[in-house]
Structures are given as C-alpha cells and as structure tokens.
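Morning, everyone. Please look at the model on the screen while I talk.

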Amino acid sequence: MTRRKKPQRKTRSRRDAKPATRAIWTGTINFGLVNIPVALYSATAPNELDLDMLDRRNFSPVRYRRVNAKTGQEVPWSQIVKGYKHDGKYVALSDTDFQKANVEATRSIDITDFVEKAEISPIYFDTPYYLEPLKNGQRAYALLREVMEKSGKVGIAKIVIRTRQHLAALLVEGKLLVLNVLRFPQELRDPHAIEAPAAQHADAKEIKMAEQLLETMASEWRPEKYRDEYRDDLLELIGLVIIEPFTDGEPRQQRSGQQAAARRRADQREPRQVQAHAARVRPLVDDDIQFEILHRRVEIFFDGFLQAM
C-alpha cells in the first residue's frame, strides 16, 4: 500500500525561495572602442505574500485560463504569440522579430554620457540590476569600475530589455557595476500640477525647534535595520505561520497541538486588542477600498479556518 504524499507547505514568501541565478540578459557594455561582455541579473527580490484566490464556499483555488475570444477554447502557452493591432487587424511578432528590429541594441549597453551622480534626481531611478563580467571581460570590467569610482561619474546608457528600450545609469556599488533603469522624462507627471505651499517665513524660534527635532532623529544609513513591518503584521493577522495550505478543496489538517493553540490565541484576543492592531495597520494601507478588500479577505480566511477546527 502506497503512502499518500503529504502536500507541501506554502507558508513561505517568494523572497524565501531560492533566488534565480539565470541571467536576464547577456551582451556588452559599449563606450568608445571598448566592449565589455557582461550578464545582467535582477537585483531585487519580491517580498509579497503568495496569496491565492479561493472560492469561499469550499476554499478551492480559483484558476484563470487563457481563452480564445472566438472559440472559447483554452490556449496553451506554446500557441500564444504577441501581436500589434493595426486598422482592426493584428501583426504577429516573434522573439526573432524583436531582435531583428535592432540586433545591436538588443545585445548592448551603449554609454552615451558620463555625468555627476548628484545631477540625477532620485525620482528618475526605477529598477536596479547587477552586472557580472563574462569570460575575457574581467580586466576591462575592473578598470571601468575603478575609473568610475575615482571620478565619481555615472554612465548614462540605453539598453533594450525584452521588448522595450530603457534609459539607464551605470553606477559602482562595492565590487559590482550596477545598472539602474531610469524613467524617461515623458514618464513623469508634471510636478506643477501638484499644489504645495509657498516658502513660509517662520520665525527663528520655530526654525530652531525644527532643527533640534531633526537632529534628534539623525542617524547613519543602515538599510538592514528596516523591514516590511506591514508584511509582518499581515502574517500575524492571518496566522499564516501555524496553518497548513488547503489542498483539493478540502480544509487543511492541523499538526498535533496546533488546533488548541490557535483556538487559545483567538479566544485571548480581546476586541480592544483587535482594534488597536487595526489602528496600527490602517495607516499603512493607501486607500479605503484596499483596506476593505484586505479586511474582507481576512474575514473569509478565518471563517474557513474556524470551521475546519
């Protein structure tokens, strides 16, 4: 008799998973007559909770299918292509077509200028990527890094990632060269459309008090001391740490002792504690609609959890 395989737990976030090591892009850094072969890697690790959409009646996962608009039949990924709509008709484009549009642009980071880093407003920075030197590019990579670090300059370049050309800044970060995608000016909204108060003529006493407050909060930049506290609050709120995932539409099975522990925690949470917790979480949610959606999802989650107990 074969033993039934237990479902794997799904309590970890995407960030907890083993990071991908596959390069997003390979090509060369070009400036003047210099070409440095490099590989491009994502520098970010998404930290969102992996929440599935469920049917509240039996907690079965809700699936989304890729359906042909005419036949209503599901379409496999192998039969899906990208297309551009023109005069009511579509022009299909393959991966090869995207490369043929400009072969050199899809395989190069073309530096056009070197500027002072302080000249670039933070509002232009978007997404960072790590650059790793490939074979025969180690020496030129190190040389460019050292020259840039010594001069304090930042390289301004253009790069095609997937199907779009981006403006980017080439910076030095420790031993690495980092390519940070920049927003084009056309992608930024006109700041003059936002109302802000004009310069205020505060008296010396008010300025002194403000300066003292700022000074008491001044510290060194240590990014490791900051974390996504809202994510932690959400994990606590939904009890994700102690609950097994649903499988095949059936409620999850609790490990020994977890049902009683979860019930005690629920009973011990008084209304005032719940309100205090909500008051702490509420300011972190941008709008009322988002908060109501979150609140409703948590309600549904706990309804099913208590029924399963």
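Which residues have the most contacts inside the largest nonpolar core? They are Ile-29, Ile-109, Leu-131 and Leu-170, in a core of 20 residues. A nonpolar core here is a set of buried Ala, Val, Leu, Ile, Met, Phe, Trp, Tyr and Cys residues joined through side-chain atoms within 4.5 Å. Buried means under 20% relative accessible area, exposed over 50%, partly exposed in between, with a 1.4 Å probe and protein chains only.

Some ground rules. This is a predicted model: local features need pLDDT of at least 70, side-chain atom pairs count only at pLDDT 80 or more, and totals for chains, interfaces and linings use all residues. Residues are numbered from 1 along each chain as its sequence is written, and side-chain values use heavy atoms, with hydrogens and water left out.

Take Ile-109. Leaving aside neighbours within four places in sequence, its contacts (heavy atoms within 4.5 Å) include Trp-25, Ile-29, Val-38, Leu-131 and Leu-179. Another core lies apart from the largest one. That one has seven residues, among them Ile-120, Val-154, Leu-167 and Leu-171.

Next, Arg-145. This residue sits in helix H2, residues 138-151. Helices (H or I, at least four residues) and strands (E, at least two) are DSSP runs, numbered from the N terminus. Is Arg-145 buried or exposed? Buried, because its relative accessible area is 18%. Beyond neighbours within four places in sequence, Arg-145 touches Val-172, Gly-174, Lys-175, Leu-176 and Leu-177.

Last, Tyr-64. Find this residue in the loop between E2 and strand E3 (82-86). Tyr-64 counts as exposed because its relative accessibility is 67%.
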